[in-house]
Amino acid sequence: MRRVLVLLLIVLAGCGQAERPYAPQGPASSTPPKSETRPQPTVSGPETITIGGRLRVNIDWPAERDPLLKVITDYYLASRKALVSGSDRYLQDLDFELTAARDTYDWVHGYTEQEKTVKGAARLYNLRVAAVVGKGAQINACVDESKTRVISTRTGKAVVPQPDWVRTPYLQAALAHRGDDGVWRIRGLRYDMKGCTG
């Protein structure tokens, strides 16, 4: 699987014109454009983030924390904030290319429109930059959501059956592309139910 993902990354890095960055509908952001290629590294170690008093995310940062790892952690946190809150506004600050943005918004809406949310504790671990090839990168993370549950926002009870992604740890990979402005944007997301253990 890893070999397939790296080959896909190389193909994506060499594709012609990059997709335009995704711009959600709504008021224009007053945030100035990002100019650095990669943000400055920060301290390593465990970090716990609580989302809406309902979901706790434990991130096991590696000893050598590559700033590119924030591409995948920011995506994960924003998508779960959207699920917990029922609003996709948390996705608007992410750097996406068009296809990845559509896929992410569709995934979130698939849950929120069915009045579903998540609660419990999740863990991100074994974060790593799998490859950097030219203007392309693949960032991997293991995700353990076995202590989370998808619940109904109407009843507060766990839905039956629970989706596969809450049953066992899985590998999540973000394929990113660096634009001419130096910003890394998510071009695609891949999942594999193999490759990670708890």
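Let's start at Val 166, which sits in the loop between S4 and S5. Helices and strands here are DSSP runs, numbered from the N terminus, with at least four residues (H or I) for a helix and at least two (E) for a strand. This is a predicted model, where local features need pLDDT of at least 70, side-chain atom pairs count only at pLDDT 80 or more, and totals for chains, interfaces and linings use all residues. Residues are numbered from 1 along each chain as its sequence is written, and side-chain values use heavy atoms, with hydrogens and water left out.

Is Val 166 buried or exposed? Val 166 is buried, at 3% relative accessible area. Buried means under 20%, exposed means over 50%, and partly exposed is in between, using a 1.4 Å probe and protein chains only. What does Val 166 touch? Beyond its neighbours within four places in sequence, Val 166 contacts Glu 145, Ser 146, Thr 148, Arg 149 and Val 150. A contact means heavy atoms within 4.5 Å. Take Glu 145: it is 21 residues from Val 166 in sequence, yet their C-alpha atoms are 4.8 Å apart.

Now the whole chain. There are three helices and six strands. Their order along the sequence is α-β-β-α-α-β-β-β-β. Of the 198 residues, 42% are buried. Take contacts between residues at least 6 apart in sequence: 65% of them join residues at least 24 apart.

Next, the helix pair. H2 and helix H3, residues 98–112, pack with axes 9 Å apart, at an angle of about 30°. So H2 runs roughly parallel to H3. The axes are lines fitted to C-alpha atoms, for helices over the stretch in contact, and the angles run from 0 to 180 degrees between N-to-C directions. Under 35 degrees counts as roughly parallel, over 145 as roughly antiparallel, 65 to 115 as roughly perpendicular, and the rest as oblique. Which residues meet? From H2 come Tyr 75, Ser 79, Arg 80, Ala 82 and Leu 83. From H3 come Thr 104, Trp 107, Val 108, Tyr 111 and Thr 112.

On to charges. How many salt bridges are there? The count is eight, with a salt bridge defined as a side-chain nitrogen of Lys or Arg within 4 Å of a carboxyl oxygen of Asp or Glu. I'll show three of them.

One is inside H2, residues 69–85, where Asp 74 and Lys 70 lie four residues apart, about one turn of the helix. Their N to O distance is 3.1 Å. Asp 74 is partly exposed at 32%, and Lys 70 is partly exposed at 34%.

Another joins Asp 180 and Lys 135, at 2.8 Å, N to O. Asp 180 is in the loop between strands S5 and S6, and Lys 135 is in the loop between strands S3 and S4, so this pair ties together parts 45 residues apart in sequence. Asp 180 is exposed, at 77%. Lys 135 is partly exposed, at 34%.

Then there is Arg 185 with Asp 181, closest N and O atoms 2.7 Å apart. Arg 185 is buried, at 12%, whereas Asp 181 is partly exposed, at 36%.

Last, confidence. pLDDT is the predictor's confidence in each residue, from 0 to 100. The chain averages 81, and 78% of the residues score at least 70. Which elements have the lowest and highest means? Helix H1, residues 2–14, is lowest at 39, and strand S2, residues 55–61, is highest at 97. Across residues 1–41, pLDDT stays under 50. Where pLDDT is low, the predicted coordinates should not be read in detail.
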